Amino acid sequence: VGAALPFDVLTYEEKTLSAILRVISSGLVKLWSALTLLGFYQNRRCAFRVLQTSPFLLALCGNSRELVLD
């Protein structure tokens, strides 16, 4: 209440309950804190895990450790 932080949900996968969110870099800490503090949504318990952050959207497309070169 009293503050808003604009962010975008770029993708959401229902099967794995995972999403890619986009927020301006100055809002990253605020968004991360808000997700950490949220424990219930619509009377259901919830928790969030941040798997990766990047200033470059392209970096989120793959994992260089799983790259296979022929």
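Modeller: In this predicted model, Arg22 has a relative accessible area of 44%. A residue counts as buried under 20% and as exposed over 50%, with partly exposed in between, so Arg22 is partly exposed. The side chain of Arg22 meets that of Asp8 in a salt bridge, with 2.8 Å from N to O. The cut-off for such a contact is 4 Å, and 2.8 Å lies within it. Asp8 is also partly exposed, at 35% relative accessible area. A search of the whole structure finds one salt bridge. Asp8 belongs to strand 1 (residues 8–13) and Arg22 to strand 2 (residues 18–22), so the contact ties together parts that are 14 residues apart in sequence.

Strand 1 and strand 2 are paired in the antiparallel sense, over five bridges. Take Thr11 as an example: its bridge partner in strand 2 is Ile20. As a general point, side chains in a regular strand alternate between the two faces of the sheet.

Between the two strands the chain must turn. Strand 1 and strand 2 form a hairpin, with four residues between them. Leu17 is found in this loop. The phi of Leu17 is near 55 degrees, a positive value in a residue other than glycine. In general, most residues other than glycine have a negative phi. Leu17 has a relative accessible area of 62%, which means that Leu17 is exposed. A second residue of this kind is Asn43, which has a positive phi of about 60 degrees although it is not a glycine. Asn43 lies in the loop between strand 3 (40–41) and strand 4, and is exposed, with a relative accessible area of 80%.

Gly27 is buried, with a relative accessible area of 1%. Gly27 and Leu5 are 22 residues apart in sequence, yet their C-alpha atoms are 7.0 Å apart in space.

The paired strands also contribute to the largest pocket. Its volume is about 1,700 Å³, and 41 residues line it. The elements that give two or more residues to this lining are strand 1, strand 2, helix 1 (28–37) and strand 4 (44–45). Helix 1 gives the most, with six residues. Nearest the centre of the pocket lie Ala19, Ile20, Leu21, Leu35 and Phe48. By type, the lining divides into 27 nonpolar, eight polar and six charged residues.

Finally, an annotation may be set beside the model. An unreviewed UniProt entry carries the annotation "transmembrane region" for residues 20–41. In the model, the chain over residues 20–41 is 45% helix and 23% strand. The end C-alpha atoms of that stretch are 19 Å apart.

Definitions and conventions: Residues are numbered from 1 along each chain as its sequence is written. This is a predicted model: local features need pLDDT of at least 70, side-chain atom pairs count only at pLDDT 80 or more; totals for chains, interfaces and linings use all residues. Side-chain values use heavy atoms; hydrogens and water are left out. Buried means under 20% relative accessible area, exposed over 50%, partly exposed in between (1.4 Å probe, protein chains only). On a 1 Å grid over the protein atoms alone, a cavity is a set of points where a 1.4 Å probe fits but cannot get out, and a pocket is an open set with protein on both sides within 12 Å along at least five of seven lines; lining residues have an atom within 4 Å of a point. Grid points are joined across faces, edges and corners, and a volume is the space filled by probe spheres set on the points. Ala, Val, Leu, Ile, Met, Phe, Trp, Tyr, Cys and Pro count as nonpolar, Asp, Glu, Lys and Arg as charged, and the others, Gly among them, as polar. Two strands pair if DSSP finds at least two bridges between them. UniProt positions are given in the numbering used here, feature names are shortened, and annotations may be inferred rather than shown by experiment.
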